[in-house]
Amino acid sequence: MTIDEIRDNFELLEEWDDRYRYVIELGRTLQPMPDAEHSAENKVQGCASQVWLSRQIDRSKSEPRLNYLGDSDAHIVRGLIAILLTLYSGHTPQQILATDAIKVFDEFGFREHLTPQRSNGLRSMVERIRNDAREALAAAS
């Protein structure tokens, strides 16, 4: 699924209850994260829920690409992770740093519909991925 498909589906759903259900459904599409990846190293700090993001760097192409698995103990957060991974996973560090996920989430209307704790957690997840991209760029130079 692409971010444009998610955006189109979101626009079809006018009620926020339906949008929340859709986000939860997206969370169910996440690739399962092995138990070993639920580690302290992969845990994202600053989230009210438990959130894990594990990163693999694919160096088989001319530019490295960052691939992610994500998981949370909260259904809605799993959905937010699914949207984030649609935006970022499989992309180069430059593409990741050029993509403003918070702007995309604002376009969807999440700013008005997420609790402050969830919004802070979302920012923490985005910052974690952006830091990974900066590290990958630094390692490549």
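The side chains of Glu 25 and Arg 28 meet in a salt bridge, with N and O 2.5 Å apart; a salt bridge here requires a side-chain nitrogen of Lys or Arg within 4 Å of a carboxyl oxygen of Asp or Glu. Both residues belong to helix α2, where they are 3 residues apart, about one turn of the helix. Glu 25 counts as partly exposed at 42% relative accessibility, whereas Arg 28 is exposed, with a relative accessible area of 53% (buried means under 20% relative accessible area, exposed over 50%, and partly exposed in between, with a 1.4 Å probe and protein chains only).

The model is predicted: local features need pLDDT of at least 70 and side-chain atom pairs count only at pLDDT 80 or more, while totals for chains, interfaces and linings use all residues. Residues are numbered from 1 along each chain as its sequence is written, and side-chain values use heavy atoms, with hydrogens and water left out.

Asp 18 is partly exposed, at 28% relative accessibility.

Arg 19, also in helix α2 (residues 16-28), presents another case. Arg 19 is buried yet has no salt bridge, and the nearest side chain of opposite charge, Glu 11, is 7.5 Å away. Leaving aside residues up to four places away in sequence, Arg 19 touches Phe 10, Glu 11, Leu 13 and Phe 108, a contact being heavy atoms within 4.5 Å.

Arg 55 pairs with Asp 132, the closest N and O atoms being 3.0 Å apart. Arg 55 lies in strand β1 (residues 51-58) and Asp 132 in helix α7 (residues 116-140), so the pair ties together parts that are 77 residues apart in sequence. Asp 4, Arg 7 and Glu 107 are linked in a network of salt bridges. The whole structure contains 9 salt bridges.

These pairs are set in a protein chain of 7 helices and 2 strands (DSSP runs numbered from the N terminus: helices are H or I of at least four residues, strands E of at least two). From the N terminus, the elements follow the order α-α-β-β-α-α-α-α-α. Buried residues make up 44% of the 141 residues in the chain.

Notes
Lys, Arg positive; Asp, Glu negative; His and termini not counted.
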